[in-house]
Amino acid sequence: MDNVDSARRLLVPVLALAFASCTPADEGPDTASPATPTESAATAPARSAAEVMESIRDDEWRTLDPESTVYLELPGGQVVLELAPRFAPRHVENIRALVRGGYFDEGAVGRSQDNYVAQWGPRPLMEGEEFAPEIATALPAEFEVAMNGGFTPVPDGDVYAPEAGFVDGFPVGRDPSAGVMWMAHCYGVVGVARGNDPGSGNGGGLYAVTGHSPRHLDRNLSMVGRVVSGMEHLSSLPRGTGPLGTYETPGERVPIASARMGSDVPVAERAQIELLRTDSDSFRYLIMAVRSRTEDFFVHPTDRIGLCNVRMPTRPMGGGAN
């Protein structure tokens, strides 16, 4: 995948077959042990999502780890990605090297498929140019990892996995009998393009889910993160007219002005957002609140919720949840 065309070609066969400012107090994703609630989320008195959001404690929010944050500059605005080294450490490390090597600068979004994904890749290599020695051109697939870390389940089961829930802020499926977990294809999740060979991706070609949740792709691609800010700059792109939403001419492609790791961005210029910890009491209460809606609008609350229907709250640093 040495250019956008290569990245596009890598994902097409797969889909045809299947388819912030950080302070010293930053602890990274969901590393703290959750407080013991005085009552479980399942038996707590019913509250609306708005009531839960108003009661979130400051210590239940977290900041982005700058070493796992990528800033993409598109014509429409900035897209902020949170990488997930727990789920795909080798691919994440390669993405860091690609970003720091400047390979995404002057790259492009080469595909936008309606109700599905937007895909981007690095700039074309110049004649005779090769990737820096520390950059792998292909990596073994990282489709699943051993179960580890705090897990917050959704209460109604899952069609695609024995269990589903959240780890480190990412939606996951997991199989306790096999001891493995994997990131799920929910809206905003970012994965690695590849060809038919499971080990043909390297993180140069990336895609974000911009439409429905294509969960049939779970455990078939290496998942490396999610969009935490600026999703509208990907989801609103013109749809490609080529197969699977590819842009057929260079003029259709959406240029990437630059890509930077958060730790290489001055502190004052980092995204000023906080994310609700998915190992917190308030996140568990929020799941139950959006599962069983108490607002007057709802004549027939479903009392059910799927993994990809749980919204991930953010707020400006210091207060004011979104």
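How many bridges pair E3 and E13, and in which sense? Strands E3 and E13 pair over four bridges, in the antiparallel sense.

## Basis of the model

The model is predicted; local features need pLDDT of at least 70, side-chain atom pairs count only at pLDDT 80 or more, and totals for chains, interfaces and linings use all residues. Residues are numbered from 1 along each chain as its sequence is written, and side-chain values use heavy atoms, with hydrogens and water left out.

Helices (H or I, at least four residues) and strands (E, at least two) are DSSP runs, numbered from the N terminus. Two strands count as paired if DSSP finds at least two bridges between them.

Six of the seven residues of E13 are buried, and the strand is mostly covered. Buried stands for under 20% relative accessible area, exposed for over 50%, and partly exposed for the range in between (1.4 Å probe, protein chains only).

## The five-stranded open sheet

Another part of the description concerns an open sheet of five strands, in the order E6-E10-E9-E8-E7, with antiparallel pairing. Its edge strands are E6 (145–146) and E7 (152–153), each of which pairs on one side only. Within this sheet, strand E8 (residues 163–167) and strand E9 (residues 170–175) run antiparallel and are joined by five bridges. Glu163 stands opposite Arg174 in E9.

## Helix H3

Helix H3 (residues 89–100) has 12 residues and should span 16 Å at 1.5 Å a residue; its end C-alpha atoms are 17 Å apart, which agrees. The expected span is 1.5 Å times one less than the number of residues. After H3 comes Gly102, which has a positive phi near 80 degrees.

The buried residues of H3 are His91, Val92, Asn94, Ile95, Arg96, Ala97, Leu98 and Val99. They pack against strands E2 (69–74), E3 (77–83), E11 (189–192), E12 (206–209), E13 (223–229) and E15 (258–261). Contact here means heavy atoms within 4.5 Å.

## Two residues in context

Thr210 sits in the loop between E12 and E13. With a relative accessible area of 9%, Thr210 is buried. Not counting residues up to four places away in sequence, Thr210 touches Gln113, Tyr116, Val117, Ala118, Tyr187, Met231, Leu234 and Ser235. The side chain of Thr210 reaches the backbone nitrogen of Val117 at 3.5 Å. A polar contact is a pair of N or O atoms within 3.5 Å; within protein, one must be able to donate a hydrogen and the other to accept it, and residues adjacent in sequence count only if both atoms are side-chain atoms.

Glu73 lies in strand E2 and is partly exposed, at 27% relative accessibility. A polar contact of 2.7 Å joins its side chain to that of Gln78. Glu73 and Ser258 are 185 residues apart in sequence, yet their C-alpha atoms are 5.4 Å apart in space. Leaving out residues up to four places away in sequence, Glu73 touches Gln78, Pro255, Ile256, Ala257 and Ser258.

## Salt bridges

A salt bridge is a side-chain nitrogen of Lys or Arg within 4 Å of a carboxyl oxygen of Asp or Glu. By this rule the count is 22 salt bridges. One network of salt bridges links Glu67, Glu93, Arg96, Arg100 and Asp264.

The side chains of Arg291 and Asp156 meet in a salt bridge of 2.8 Å, N to O. Arg291 lies in helix H5 (residues 281–291) and Asp156 in the loop between E7 and E8, so the pair ties together parts that are 135 residues apart in sequence. Arg291 is buried, at 14% relative accessibility, whereas Asp156 is partly exposed at 26%. Arg57 and Glu60 form a salt bridge at 3.6 Å, N to O. Of these two, Arg57 is partly exposed, with a relative accessible area of 37%, and Glu60 is buried at 2%. Asp279 and Arg277 meet in a salt bridge at 3.4 Å, N to O, and both residues are buried.
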